Amino acid sequence: MSAAFSRRTMLQLAGSGAISFAAGASGATTRSMRADFLWGAATAGHQVEGGNVNSDSWVLEHVEPKSFAAPSGDACDSYHRWREDMDIVKQLGLNTYRFGVEWSRIEPAQGEYSQAALDHYRAMVEGCVDRGLKPLITFSHFTVPRWFAGLGGWEEMANIDHFLRYCERTARGLGRNYRHGLTFNEPNLGALLSWQPDFRGAMPFFATANAAAAAAIGSSRFSSTPTFDTRRATPVQLAAHQRATEAIKAIRPDLQLGLSLAVADEQAGPDKTAIREKIAQVYTPWFDVVSKDDFVGVQTYGRAVVGEAADLPPPPGVEVTQTGMEFYPEALEATVKWVARETGRPVIVTENGVACADDSRRVAYIDRALAALARAIASGTDVRGYIHWSLLDNFEWNRAYTAQFGLVSVDPKTFRRTIKPSAFHLGGYARANRI
Ligand code: BGC
């Protein structure tokens, strides 16, 4: 059972941009993006750094029963090889690198802050700037310190204060050389996954794993994304986002700050559908809060067809990705239009990508997703950037290293990076600043 789940599989098991038009080589009409369009690739701390020993995920990766196919271990060793990673982003012709800051490195024990970790992330910000890259910083990408999980994590309103102190330290520590930030990555993921029958069915298993993690750290509880109780966690994270935004803006009033949402192209099933209930639960509370932000991050991997009480499986015969999702890059048109309309905010696509062993399918995915994005822009949607998930083949949560989302592969023994054709393909769009 353990190897079967990934946060994304759980998905299945669980300004107007236009300035000009021209005819592209294929004869199709192409569109220039705005001059400041963000073309990027993304990573998240725990998925690439390695040795993130004080995080909640590390604990769960090492208890029985295991909900992970393998532990994260050294991951891509990006904690040491970040310069090489940024060199690749630059070499590809992208202008943006999205990366995550790990709370458990900055505050490994409650109230004990690591200046060395803050200096590390500040050096990464400066490293981007030195290369002419714009850093987009994620303050919280799922993982939390193990001690925070042991306090009940996002299920306790009183715990927000810990997050605020971390955000303040981090905002001060990173300096002023970045212009874009996300408080949370996909805080609605747990709610979204709860519409997946297999994820629902696995909740008792996750509860056992969380109980084992609690015992391992000598606590009576262990609360972790996305297996926490979303009815308790959602109001806490909504409030945490608002208060963290105020706290960070007090230090960096000039920062463009928001959060990213997991957004599927939500479609009603052929018979009875609970799509309204699903949208009300998974998206509406977040849309309300996001409408006060500078922008909204949209993260789309495909569509969800909603049946009477849960999402329906992909129909037989359709192409599916390594994580069992339908290969459906067109989803991006509907999702960016919908989120922009519902929130009234400019959109940055902060993640979009596909898990596949055959890189030519990633090339096809990029072409079709960008064509979908261009249609959304043509219809008047204010899209400010496209950031691909992921720069590297990395630790894909419960699936560990069995799903390849990367534009670049990483040798697990030598950590040697090999740039895939899809990376150069995406870079071509970025250099031309045109879709
Ligand atoms: C997450 C990433 C994850 C990706 C692919 C998103 O939900 O932000 O951390 O690796 O999807 O599953």
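This is a predicted model: local features need pLDDT of at least 70, side-chain atom pairs count only at pLDDT 80 or more; totals for chains, interfaces and linings use all residues.
Buried here means under 20% relative accessible area, with exposed over 50% and partly exposed in between, using a 1.4 Å probe on protein chains only. Residues are numbered from 1 along each chain as its sequence is written, and side-chain values use heavy atoms, with hydrogens and water left out.

Back to D311, which sits in the loop between β10 and α15. What does D311 touch, leaving aside its neighbours within four places in sequence? Taking contact as heavy atoms within 4.5 Å, the partners are W195, Q196, P197, K278, A304, V305 and V306. The C-alpha atoms of D311 and I275 are 9.0 Å apart, though 36 residues separate the two along the chain.

K278 and I275 lead us to helix α13 (residues 275–282), where I275, K278 and V282 are buried. Looking down the axis of α13, you'd find its buried residues within an arc of 60 degrees, so they line one face of the helix. The arc is taken over the directions from the helix axis to the C-beta atoms. Packed against these buried residues are α9 (189–193), β8 (265–268), α14 (284–290) and β10 (303–306).

Now for some helix pairs. Two packed helices are described by the angle between their axes and the distance between the axes. The axes are lines fitted to C-alpha atoms, for helices over the stretch in contact, and the angles run from 0 to 180 degrees between N-to-C directions. Helix α16 (residues 359–378) packs with helix α17 (residues 421–432) at about 20 degrees, and their axes are 8 Å apart. That makes α16 and α17 roughly parallel to each other; the label covers angles under 35 degrees, with over 145 being roughly antiparallel, 65 to 115 roughly perpendicular and the rest oblique. On the α16 side the contact is made by D359, R362, V363, I366, D367 and L370, and on the α17 side by P421, S422, H425, L426 and Y429. Sorted by class, that contact has six nonpolar, two polar and three charged residues. For the classes, Ala, Val, Leu, Ile, Met, Phe, Trp, Tyr, Cys and Pro are nonpolar, Asp, Glu, Lys and Arg are charged, and the others, Gly among them, are polar.

Helix α16 also packs with α15 (residues 331–343), at an angle of about 35 degrees and with the axes 7 Å apart.

The loop between β12 (383–389) and β13 (408–410) holds S390, and the peptide bond from W389 to S390 is cis, with omega near 10 degrees. A400 is in the loop between β12 and β13 as well. Its phi is positive, about 55 degrees, although A400 is not a glycine, and at 2% relative accessibility A400 is buried. Another cis peptide bond runs from T225 to P226, with omega near 0 degrees; P226 lies in the loop between α11 (203–216) and α12 (230–251). D77, in the loop between α3 (56–61) and α4 (78–92), has a positive phi near 55 degrees and is buried at 12% relative accessible area.

Last stop: is Q256 buried or partly exposed? Q256 is partly exposed, at 31% relative accessible area, and belongs to strand β7 (residues 256–262). Beyond its neighbours within four places in sequence, Q256 contacts R179, H180, G181, D294 and F295.

Notes: Helices (H or I, at least four residues) and strands (E, at least two) are DSSP runs, numbered from the N terminus.
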